Amino acid sequence: MTAVTAEDRRWLDAAARYAAPFQGTTADHAAVAALIVEPLSQTLIARAVTGKGGRPHAEAEAIAAAGFDAAGCTLYVTLEPCNEWSRTPPCADAIIRSGIMRVVIGALDPSAVGSVAHLESAGVEVIVAQHAPSVALYAGRSLRQAESRPMVNIALVVSADGKLDRTGQGALTLLGPSGRNWLDMLRARSDAILVGAATARLDPDLTVKLAGLERRTPLRVVLSGATGVDRRMNLIGGFSGHRTAIIAEIDTAVDAPISVETIRVLGDNGRPDLRAALAALSDRKVRNLLVEPGQRLLAAMLEADLVDGISLLTTARTIGSEGTPASPDGPLVDLLNAAGFVEIERQRLGEDTLLRYARLLEPV
């Protein structure tokens, strides 16, 4: 087996960039990108990404597009090809029949049992790159398989004076156009959006409003509090055409139309257990969960150690005394640092500022 080359990494980088915008469009399948490259000239012959709803698979589509030109080429694929019959034939078999001689895999897939061995037994050289951008694409899938919960990313909009909202207005009213577009894109790439009941009363619909991406609005989930929820909340009672669910503790009162799914989980004092709530979403094929929390839900998720990444959007606008502090116990950054998160990126989004935080890994 040869080592991963600089050209391999360049093509895998391109494949990961190609796959990323399709996250959230492939139902319970991974959004995979496949590139077929002529190795001597380093020319792209064909490319494909997993189809809407999960079919067709990227490898099969790229091979069909390349036709006879696939023979002797290298296939770059962000996730290990499938090796079993399901709703589609095994991609590993399609690769072997195509005459592709080399496959460079960005990330392994625990569900693709025997795929690498099957390809190698047919004389195909296989390189497993463990390519960081590819691995990151499927972190939610890996978490769901290993821990029965989705990848949890927090998106928090905070005013210049550290407040979350003002009564009767949602977070998006604080952001400028660039910040709103960025948050909309984050929503579009998620499998579900989770908010607490108090936040749901502020944001009228939690939809994606970017032109052309309106249908990318993911499952909208309201986490009930001890007092329950009812259809007077626009998110639940108003018609939007988007899927909506409520997660509530077993005995908490819920008044919702039949079109809104009610998910019952164990809890305490009328509040759902957060781990049970995430497990219920995992059972519904949610891999990447975006949480847009209020003060209480943010603190609870950090305390339960259920947060994988945080995007903090700080606006140029102030709210004043009528706003809700992002953290009741001092600066928000202190709360994040205490929970083990450090800043890894900072960028301007028009008049707003984006700060991204990741968990600080302890030294080995």
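**Ala277 and the spaces in the model**

Analyst: This is a predicted model. Ala277 has a relative accessibility of 3%, and buried means under 20%, so Ala277 counts as buried.

User: Which residues does Ala277 touch, leaving out those up to four places away in sequence?

Analyst: Ala277 belongs to helix H10, residues 274–283. Beyond the excluded sequence neighbours, the residues touched by Ala277 are Leu223, Ile247 and Val265.

User: Which element gives the largest share of the lining of the largest pocket?

Analyst: The largest pocket holds about 940 Å³ of space. Of its 30 lining residues, Gln23, Ala136, Asn153, Leu186 and Arg356 are the closest to the centre. The lining divides into 18 nonpolar, eight polar and four charged residues. The largest share, four residues, is from S18.

User: And which element gives the largest share of the lining of the second largest pocket?

Analyst: This pocket has about 760 Å³ of space. Its lining has 28 residues, with Leu223, Arg271, Arg296, Leu297 and Ala300 nearest the centre. Elements giving two or more residues include strand S13 (271–272) and helix H11 (295–303). With five residues, the largest share comes from H11.

User: What is the volume of the second largest cavity?

Analyst: The structure has two cavities of 30 Å³ or more. The volume of the second largest cavity is about 80 Å³.

How values were computed. Residues numbered from 1 in each chain as written. Predicted model: local features only at pLDDT ≥ 70, side-chain atom pairs only at ≥ 80, totals over all residues. Heavy atoms only, no water. Buried < 20%, exposed > 50% of the residue type's maximum accessible area, 1.4 Å probe, protein only. Contact = heavy atoms within 4.5 Å. 1 Å grid on protein atoms, 1.4 Å probe; cavity = no way out; pocket = protein on both sides within 12 Å on 5 of 7 lines; lining within 4 Å. Points joined across faces, edges and corners; volume = space filled by probe spheres on them. Nonpolar A, V, L, I, M, F, W, Y, C, P; charged D, E, K, R; others polar.
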